[in-house]
Amino acid sequence: MTRPVTLFSGQWADMPFEKFCEKAKAFGYDGIEISCYGDHLDLKKAATDPKYVEDRKNILKNHGLKIWSIGTYLTGQCVSDSEDPCLSGFVPSNIAGKPDEIRKWATQEMKYAAAAAKNLGVKVITGLMGNPVRASWYTFPKASEQIITDAYALIGKYWAPIFDEFDKSSVKFALEVHPSGIAFDYYSAERLLKEFKNRKTLGFNFNPSNLVWQGITPHIFIRDFFKFILHVRMKDAAVTLDGRTGILGSFLPFGDVKRGWNFRSLGHGDVDFENIIRELNAINYKGPLSVEWEDYDMNREIGVKEACEFVKNINFSSSDVSEDASKTE
């Protein structure tokens with residue numbers, strides 16, 4: 001299969017970009033989904049400084065890697081999120097604790113992302129959009145329908161100017177359907193598309209690990225939203241309900257064995273990747289399969305190498321021979 005296998009750099013932001021690229025190539029990856037964390041990608045520089053862009057390109061070229069997408073997760077979350085002290089850990093220190101300034105900064109960064117993608121020759125930016133009613137996902141205290149309607153309208157207001165910049169750069173935004181986001185499951189994602197009137201700029205970064213523990217069948221999401229699948233994340237999760245635990249996590253940190261579910265290295269969880277590949281074949285998806293590796297009980301380098309092999313082994317093509325053609329009389 002010609003679909004490239006890439007590695008998301010977000011979990012490797014503790015490592016210098018060039019060192020990360022060296023390892024990604026050694027692990028067997030075809031390229032990367034570059035994140036704007038650590039020193040991996042400065043969005044403003046990539047949007048405005050040709051020398052910086054050339055430097056990123058040369059590092060990739062020197063290690064035989066390509067880039068298909070830019071990841072802007074925490075930045076995008078800050079565009080529309082409700083006032084929350086959690087955001088302050090992800091933004092410049094001079095604006096920490098200042099919601100309006102955080103939103104202004106994040107909006108500009110996402111506009112830079114569009115130009116950065118164009119300069120790097122990338123067509124897809126992955127990420128999150130935030131959620132003005134993140135505290136109201138459960139129905140107590142009850143959020144009225146008007147509150148929810150207003151929240152979707154705010155998302156439209158905040159992101160329309162960003163998407164205008166994306167359109168100017170011929171770039172699309174692949175939203176990850178993600179807990180804490182305005183689109184976190186099947187129907188909330190459907191509603192978001194309607195809010196934007198199915199604007200072609202907006203699609204999905206399909207991530208099965210965020211769906212399976214909610215009880216959503218991941219490959220059905222691909223089947224129903226096939227027109228909007230812009231990018232595919234390969235990530236696994238295991239549900240381990242034991243009569244004490246629940247899917248909400250119990251305020252336990254990721255990796256704690258008492259949790260009702262945890263992210264797992266590919267092939268060690270409950271995601272049915274074979275049916276995902278079959279659905280991707282059915283919609284003729286030829287973009288990257290991007291590994292986001294997260295498993296708190298496994299050595300990172302061992303897991304990432306194994307994950308690359310796992311994806312390459314399951315990345316099969318549709319048959320090019322019809323049933324009748326294979327029959328003999």
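Predicted model: local features only at pLDDT ≥ 70, side-chain atom pairs only at ≥ 80, totals over all residues.

Let me begin with the barrel. Eight strands close into it, and their order is β1-β2-β3-β4-β5-β6-β7-β10. The pairing of these strands is parallel. On average, and ignoring direction, neighbouring strands of this sheet are turned by 30 degrees against each other.

Strands β4 and β5 run parallel and are joined by four bridges. Within this pair, Thr-126 stands opposite Ala-174 in β5. To pass from β4 to β5, the chain goes through helix α6, and this β-α-β crossover is right-handed. The next step goes from β5 through α7 to β6, and this β-α-β crossover is right-handed as well. As for the strands themselves, β5 comprises residues 172-175 and β6 comprises residues 202-206. Three bridges join β5 and β6, which run parallel. Leu-175 has Phe-204 in β6 as its bridge partner.

Now to the helices. Which strands does helix α4 lie across? Helix α4, residues 73-80, lies across β1, β2, β3, β4, β6 and β7. Relative to β3, helix α4 runs at about 35 degrees. Helix α11, residues 300-314, lies across β1, β7 and β10. The angle between α11 and β1 is about 145 degrees.

I turn next to the pockets. How much space lies in the largest pocket? The volume is about 1600 Å³. Its lining is made up of 44 residues, and those nearest the centre of the pocket are His-178, Pro-179, Ser-180, Phe-254 and Trp-261. Helix α4, already mentioned, returns here: α4 and strand β9, residues 261-264, each supply at least two lining residues. Of the elements, α4 gives the most, with three residues. By class, the lining of the largest pocket has 23 nonpolar, eleven polar and ten charged residues.

The second largest pocket holds about 200 Å³ of space. Among the residues that line this pocket are Asn-131, Trp-137, Tyr-152, Phe-184, Asp-185 and Arg-191. Two elements give two or more residues to this lining, namely α6, residues 145-168, and α7, residues 186-195. The largest share, three residues, comes from α7. Divided by class, the lining of the second largest pocket has seven nonpolar, three polar and two charged residues.

Let me close by linking the two topics. Helix α6 lies on the path of the chain from β4 to β5, and helix α7 lies on the path from β5 to β6.

Definitions and conventions: Residues numbered from 1 in each chain as written. Heavy atoms only, no water. Pairing = 2+ DSSP bridges. Axes fitted to C-alpha atoms, helices over the stretch in contact; angles between N-to-C directions. Contact = heavy atoms within 4.5 Å. 1 Å grid on protein atoms, 1.4 Å probe; cavity = no way out; pocket = protein on both sides within 12 Å on 5 of 7 lines; lining within 4 Å. Points joined across faces, edges and corners; volume = space filled by probe spheres on them. Nonpolar A, V, L, I, M, F, W, Y, C, P; charged D, E, K, R; others polar. Right-handed = clockwise from strand over helix to strand, strands pointing away.
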